[in-house]
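Let's take a walk through this structure together, one piece at a time. Have the viewer open and follow along as we go.

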Amino acid sequence: MTLLQVADLDCRYGLLQAVRGVSFEVGPGETLALIGANGAGKTTLLRALAGAHRPHAGRIVFDGADVTSLSAHRRVGLGVALVPEGRRLFGGLTVEENLLVAGRGRRGPWSVASVLELFPMLQARRRMPAVTLSGGEQQAVAIGRALMSNPRLLLLDEISLGLAPVVVDAVYRSLQDVIRSGASIVLVEQDLTRALKVAGRVVCMLEGRIVLEGEAASLDRDRVVAAYFGLRRSA
Amino acid sequence: MEGPDRAPTAVLAAVDVRKRFGALPVLGGVNLELRGGEVVGVVGPNGAGKTTLLNLLAGALAPDQGSITFRGRDVTRKNAAERCKLGVARTHQVPRPFTGMTVFENVLVAATAGGARRGPGAYELCLSVLEQCGLAHIANRRAEGLGLLQRKRLELARALAVEPSVLLLDEIGGGLTDAESEALVALVAGLRDRGLAVLWIEHIVHVLMQVVGRLVCMDAGRIIAEGEPSSVVAQAAVIDAYLGARG
């Protein structure tokens, strides 16, 4: 049983072929971490899954339906939500307004109240404009906004970027609750230790291709390092 | 032809260079020497300061502190065009061909205005550089019609047309097929064997490893490891810089 199926996906970004022949699957309730050096194609792949980037070739099947040419907002309606790199909040709107903007989609467990419960750091900030928040608080709003559409597949792009480690810890603690709620997650994460801790499976990309894929529990750091740098392993 | 233990002194060197962009420190005291006949690879996560270091070496940026020397002479105050005349050529991460000109004309500008060639000698040089870079068959195509890989080759061709003694490469290997990257590695190895000093910034570590004699890893504006490539890649500090600390 798979929720998401990606087959032979090619994505071009301007003149550059960013994703090359990528195939993988994500099961219901599964958390998959995408790792890889800069320029490996992770963000482009995530954007293609969300419908924010039109693939050049290949197929994306979500819950049995081919969504490859479906627009981003239609995919949100089916239960796919992206937390983009850089958060992209509506700076002039309050925390609550940012959440409400996204809360008109599928029915489900997430509401302003449950998001504020998930991220206690936002409770005192709910009437503040997003632009006045700290980086960690903004990231929490960005994740909360995605949750408001009650996604079955949550796509997270470098949610720890630019945040202090203690703040990242808090965000990831909240993420555990999201995982327990049953949503599938694909997350791009530079920190391997964190990725291995939160994800059941890890996919490593290099130059647009998948070069390593496996259960997080079975991957040792040396194997990941070799794949990450594209080194030929002697052993 | 120089022997195997050639040029003990640096051709180009950065001495304790520091650079800030506004409040943001980008380079915090970097020392680096390039010698003739060697290829030095520079790796590091995004924001490490690699391109800024290259810009300081090329003269596109001036350091806030520290100095750049060329053959022992202080060139810190010389701009990029002056350093180019001395023999320091570079490529840009985002190619910047002269649009409205053909591939050949782009290279000719480099050979004559950047380098010192004139007349038939310039023509011969351009042809040879275009051959080396695999662009001869599209020499008369206008630069704006080129794809990214061809633009990157043109960057390299323009740099080579200056007939430099120092070549600074900024991510020219991305997006290549295996055969193309092998050809690029062979080309750079050939330049090294002719005595050029080459500094090569590249995200694709495995391509670098095939040709560099020395690998430098930067993180947060500093050099955190330097030395024999496979030993640098195996260092915990380098792996942690990319992948976060071991849990």
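**A guided tour of the fold**

Strand 6 of chain A runs parallel to strand 7 (residues 153-157) of chain A, and four bridges join the two. One pair to pick out on screen is A:Ala81, whose bridge partner in strand 7 of chain A is A:Leu154. Please keep in mind throughout that this is a predicted model.

Six strands of chain A form an open sheet with mixed pairing, in the order 6-7-8-3-9-10. At its edges sit strand 6 (80-83) and strand 10 (209-215) of chain A, each of which pairs on one side only. Direction ignored, neighbouring strands of this sheet are turned by 15 degrees against each other on average.

On one side, strand 3 of chain A pairs in the parallel sense with strand 8 (residues 184-188) of chain A over four bridges. Strand 3 of chain A also pairs in the parallel sense with strand 9 (residues 201-206) of chain A, here over five bridges.

Is strand 3 of chain A buried or exposed? A residue counts as buried when 20 or more other C-beta atoms lie within 10 Å of its own. Six of the six residues of strand 3 of chain A are buried, so this strand is largely enclosed by the rest of the structure. In a regular strand, side chains alternate between the two faces of the sheet. Here both faces are covered: A:Thr31, A:Ala33 and A:Ile35 are buried on one side, and A:Leu32, A:Leu34 and A:Gly36 are buried on the other.

Chain A has a second sheet to explore. This one is an open sheet of four strands with antiparallel pairing, in the order 2-1-4-5. Its edge strands are strand 2 (16-26) and strand 5 (65-66) of chain A, each pairing on one side only. Strand 1 (residues 4-13) of chain A runs antiparallel to strand 2 of chain A, joined to it by seven bridges. Strand 1 of chain A also pairs with strand 4 (residues 57-62) of chain A, in the antiparallel sense and over five bridges.

Elsewhere, A:Cys11 has A:Val19 as its bridge partner in strand 2 of chain A. Strands 1 and 2 of chain A form a hairpin with two residues between them, and A:Gly14 in the turn has a positive phi of about 60 degrees.

Let's zoom out to the whole chain. Chain A holds eight helices and ten strands, and its C-alpha atoms fill a box of roughly 55 × 40 × 35 Å along the principal axes. A compact globule of 235 residues would have a radius of gyration near 18 Å, and the 17 Å of chain A agrees with that. Of the 235 residues of chain A, 46% count as buried. Among contacts in chain A with a separation of 6 or more, 69% come from residues 24 or more positions apart.

Where does chain A meet chain B? The contact takes 19 residues from chain A and 18 residues from chain B. On the side of chain A that touches chain B, strand 2, helix 7 (192-198) and helix 8 (221-229) of chain A are the elements that give two or more residues. The residues on that side divide into eight nonpolar, six polar and five charged.

Our last stop is chain B. The axes of helix 3 (residues 103-114) and helix 5 (residues 148-161) of chain B come within 7 Å and cross at roughly 30 degrees, and the crossing is right-handed. Helix 3 of chain B contributes B:Val103, B:Asn106, B:Val107, B:Ala110 and B:Ala111 to the contact, and helix 5 of chain B contributes B:Leu154, B:Ala157, B:Arg158 and B:Ala161. These residues divide into seven nonpolar, one polar and one charged.

Terms used:
Residues are numbered from 1 along each chain as its sequence is written. Chains are lettered from A and ligands numbered from 1 in the order in which they are written. This is a predicted model: local features need pLDDT of at least 70, side-chain atom pairs count only at pLDDT 80 or more; totals for chains, interfaces and linings use all residues. Two strands pair if DSSP finds at least two bridges between them. Two residues are in contact if their C-beta atoms, placed from the backbone, lie within 7 Å. Ala, Val, Leu, Ile, Met, Phe, Trp, Tyr, Cys and Pro count as nonpolar, Asp, Glu, Lys and Arg as charged, and the others, Gly among them, as polar. Axes are lines fitted to C-alpha atoms, for helices over the stretch in contact, and angles run from 0 to 180 degrees between N-to-C directions. A crossing is left-handed if the near helix is turned anticlockwise from the far one by less than a right angle, and right-handed if clockwise. The radius of gyration is taken over C-alpha atoms; the globule rule is 2.2 Å times the number of residues to the power 0.38. A residue is buried if 20 or more other C-beta atoms lie within 10 Å of its own, exposed if 12 or fewer, and partly exposed in between; C-beta atoms are placed from the backbone.
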